[in-house]
Amino acid sequence: MAAILDLIMVVLRIATFIIIIQAVLSWLVGFNVLSIQNPTVRSIWGGLQKITEPVYRPIRNILPPMGGLDLTPMVVLLIIFFLERVIARYGYGVVPF
């Protein structure tokens, strides 16, 4: 059971890093520090979009439009942090800080 919980925790941690990288990359593209015309940036951007969009889509359907502000990554990160705490508390029996 602990091995399965460890695997879930690793997947959640990797998802956290992917979401943070995608958010930072979107800021860099939005402020024209990086250009989507660059093939390397375009391939990284496209790969991250393909990974994150299936997770973001249901949450974007629930959240109201906020103009140019997309709070979806923050909501997903909060859900991931909540799941990590639940697993640590009830799966491992450890009280997280």
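**Ground rules**

I number residues from 1 along each chain as its sequence is written. Since the model is predicted, I take local features at pLDDT of at least 70 and side-chain atom pairs at pLDDT 80 or more, while totals for chains, interfaces and linings use all residues, and side-chain values use heavy atoms, with hydrogens and water left out.

**Entry 1: H1 and H2**

I began with helix H1 (residues 2–30) and helix H2 (residues 39–62). Helices here are DSSP runs of H or I with at least four residues, and strands are E runs of at least two, numbered from the N terminus. I found a packing angle of about 125 degrees for H1 and H2, with the axes 10 Å apart. The axes are lines fitted to C-alpha atoms, for helices over the stretch in contact, and angles run from 0 to 180 degrees between N-to-C directions.

I therefore noted H1 and H2 as oblique to each other. On this scale, angles under 35 degrees are roughly parallel, over 145 roughly antiparallel, 65 to 115 roughly perpendicular, and the rest oblique. The crossing of H1 past H2 is left-handed, a label used if the near helix is turned anticlockwise from the far one by less than a right angle, with right-handed for clockwise.

Next I listed who touches whom, with contact meaning heavy atoms within 4.5 Å. H1 brings Ile-18, Ile-19, Ile-21, Gln-22, Leu-25, Ser-26 and Val-29, and H2 brings Val-41, Ile-44, Trp-45, Leu-48, Gln-49, Ile-51, Thr-52 and Tyr-56. I sorted this contact by class and got 11 nonpolar, four polar and no charged residues. The nonpolar class is Ala, Val, Leu, Ile, Met, Phe, Trp, Tyr, Cys and Pro, the charged class is Asp, Glu, Lys and Arg, and the others, Gly among them, are polar.

I then looked up Thr-52, which sits in helix H2. Thr-52 is buried, at 3% relative accessibility; buried means under 20% relative accessible area, exposed over 50%, and partly exposed in between, with a 1.4 Å probe and protein chains only. Not counting residues up to four places away in sequence, Thr-52 touches Ile-18 and Gln-22.

**Entry 2: H1 and H3**

How do the axes of H1 and H3 cross? They come within 10 Å and cross at roughly 160 degrees, which makes H1 roughly antiparallel to H3. H1 passes H3 in a left-handed crossing.

On the H1 side I wrote down Leu-5, Ile-8, Met-9, Leu-12, Arg-13, Ala-15, Thr-16, Ile-19 and Ile-20; across from them in H3 are Pro-73, Val-76, Leu-77, Ile-80, Phe-81, Leu-83, Glu-84, Ile-87 and Gly-91. The classes in this contact are 14 nonpolar, two polar and two charged.

Thr-16, in helix H1, is buried, with 3% relative accessible area. Leaving out residues up to four places away in sequence, Thr-16 touches Leu-77, Ile-80, Phe-81 and Glu-84. Ala-15, also found in H1, is partly exposed at 24%. Ala-15 and Ile-80 are 65 residues apart in sequence, yet their C-alpha atoms are 8.3 Å apart.

**Entry 3: H2 and H3**

My next pair was H2 and H3, which pack at an angle of about 105 degrees with their axes 10 Å apart. They are therefore roughly perpendicular to each other. I listed Val-55, Tyr-56, Ile-59 and Arg-60 from H2 against Thr-72, Pro-73, Val-75, Val-76 and Ile-79 from H3. By class I have seven nonpolar, one polar and one charged.

**Entry 4: the core**

Which residues form the largest nonpolar core? I found nine: Leu-5, Leu-12, Ile-19, Tyr-56, Ile-59, Val-76, Leu-77, Ile-80 and Ile-87. A nonpolar core is a set of buried Ala, Val, Leu, Ile, Met, Phe, Trp, Tyr and Cys residues joined through side-chain atoms within 4.5 Å. H1, H2 and helix H3 (72–91) each supply at least two of its residues, and H3 gives the most, with four.

**Entry 5: exposed spots**

Phe-82 lies in helix H3 and counts as exposed at 54% relative accessibility. Asn-32, in the loop between H1 and H2, is exposed at 68%. Asn-32 also has a positive phi of about 60 degrees, although it is not a glycine.
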